[in-house]
Amino acid sequence: MFSRNIGLITEEDQRNLHATHVLIAGSGGMGGVCAEVLVRMGAGELTLIDHDRYEETNFNRQIHSNKNTIGKFKVEVLKEEFLKINPNLKIRVFTEKVTLENINELLEGVNYVVNGMDEMYNSLILERTARRKDITIVDAWLTPYASVFVMTPDSPHWENFLDLPTKGIPLEELTPEICNEAVDIEVDYTFSHFSPYEIIDRKLVKDIVYKREKRPSFAPVVWLSGVLMANEVFKLACNKSHTDYRGIFFDQYEMQLTQGAINKIKKAA
């Protein structure tokens, strides 16, 4: 089934992929693309979680969103499509949010976590628990450019290296206001690379962070980030060199690639 992979990857790489179990939290945009690429690479087991159903506003960037899937749970559609590709795929789906109540079940037997969620609070439930279990995290953040980050158990988490206000606060005590402040700092970091405010209005970004406006999405950014996330999972599973917690940013307009730099953070005016 995956014979055309061989030559670009080895038989051992293919076996490693087959033995890999990946949790993808948030399976619409980047997460859905990442999941599809992993299935076509030959990943053996997936767990998908997303509480959303497809709607017309997803058509501009979400894989398998179309007139026939409107109103259907995204993870259930993806499961059906993925089993058409690989009937032997082991796949679990959850039509709910990541919560304190389900996180341990979600992470059972998982080798790698891919975070495709937008919400800071749910992301912290996922990533704090994954780190306690020594599970490597692959992530991508709010930016008009494609990006990918990898946080291994021995590397800093973004709560630490960005000194987020959520750091040290128990999950049960986090408020929406603190989580929004954390997203604001995250955006200061991601928007310190290249020239994002030539692409998106500064006030709109602030309104998105504080949930006064919905986040715009563009298929090239979403799909490129999803592919990059899947590629990092492949490299991790096959013991190859991978990016780190500072991340990689790809300017798809100028065709430039740069590694994240912590000292480039500049507080938006």
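Modeller: Bear in mind that this is a predicted model. I'd start with helix α5 (residues 120–132), which lies across β1, β4, β5 (136–139) and β6 (146–151); α5 runs at about 160 degrees to β4.

Colleague: And which strands does helix α2 lie across?
Modeller: Helix α2 (residues 30–41) lies across β1, β2 and β4 (112–115), and its direction is at about 160 degrees to β1.

Colleague: What makes β1 and β2 a pair?
Modeller: Pairing takes at least two bridges between two strands. Strand β1 (residues 21–25) and strand β2 (residues 45–49) have 5 bridges, in the parallel sense, so by that cut-off they pair. Within this pair, A25 sits opposite I49 of β2.

Colleague: What is the strand order of the whole sheet?
Modeller: Going across, β3-β2-β1-β4-β5-β6-β7-β8: 8 strands in an open sheet with mixed pairing. β3 (90–94) and β8 (256–259) are at the edges because each has a single partner strand, which leaves one side of each without a neighbour in the sheet. From one strand to the next, the twist averages 15 degrees.

Colleague: Why is F218 called exposed?
Modeller: Exposed means over 50% relative accessible area. F218 comes out at 51%, so the label applies. You'll find F218 in the loop between α8 (202–209) and α9 (219–237).

Colleague: Which residues make the nonpolar surface patch?
Modeller: I199, F218 and Y253 make that patch, about 320 Å² of it.

Methods. Residues are numbered from 1 along each chain as its sequence is written. This is a predicted model: local features need pLDDT of at least 70, side-chain atom pairs count only at pLDDT 80 or more; totals for chains, interfaces and linings use all residues. Side-chain values use heavy atoms; hydrogens and water are left out. Helices (H or I, at least four residues) and strands (E, at least two) are DSSP runs, numbered from the N terminus. Axes are lines fitted to C-alpha atoms, for helices over the stretch in contact, and angles run from 0 to 180 degrees between N-to-C directions. Contact means heavy atoms within 4.5 Å. Patches are made of residues with over 30% relative accessible area and no salt bridge: like charges are joined within 9 Å, nonpolar side chains (Val, Leu, Ile, Met, Phe, Trp, Tyr) within 5 Å. Accessible areas come from the Shrake-Rupley method with a 1.4 Å probe; for residues, only the protein chains shown count as cover. A salt bridge is a side-chain nitrogen of Lys or Arg within 4 Å of a carboxyl oxygen of Asp or Glu. Buried means under 20% relative accessible area, exposed over 50%, partly exposed in between (1.4 Å probe, protein chains only).
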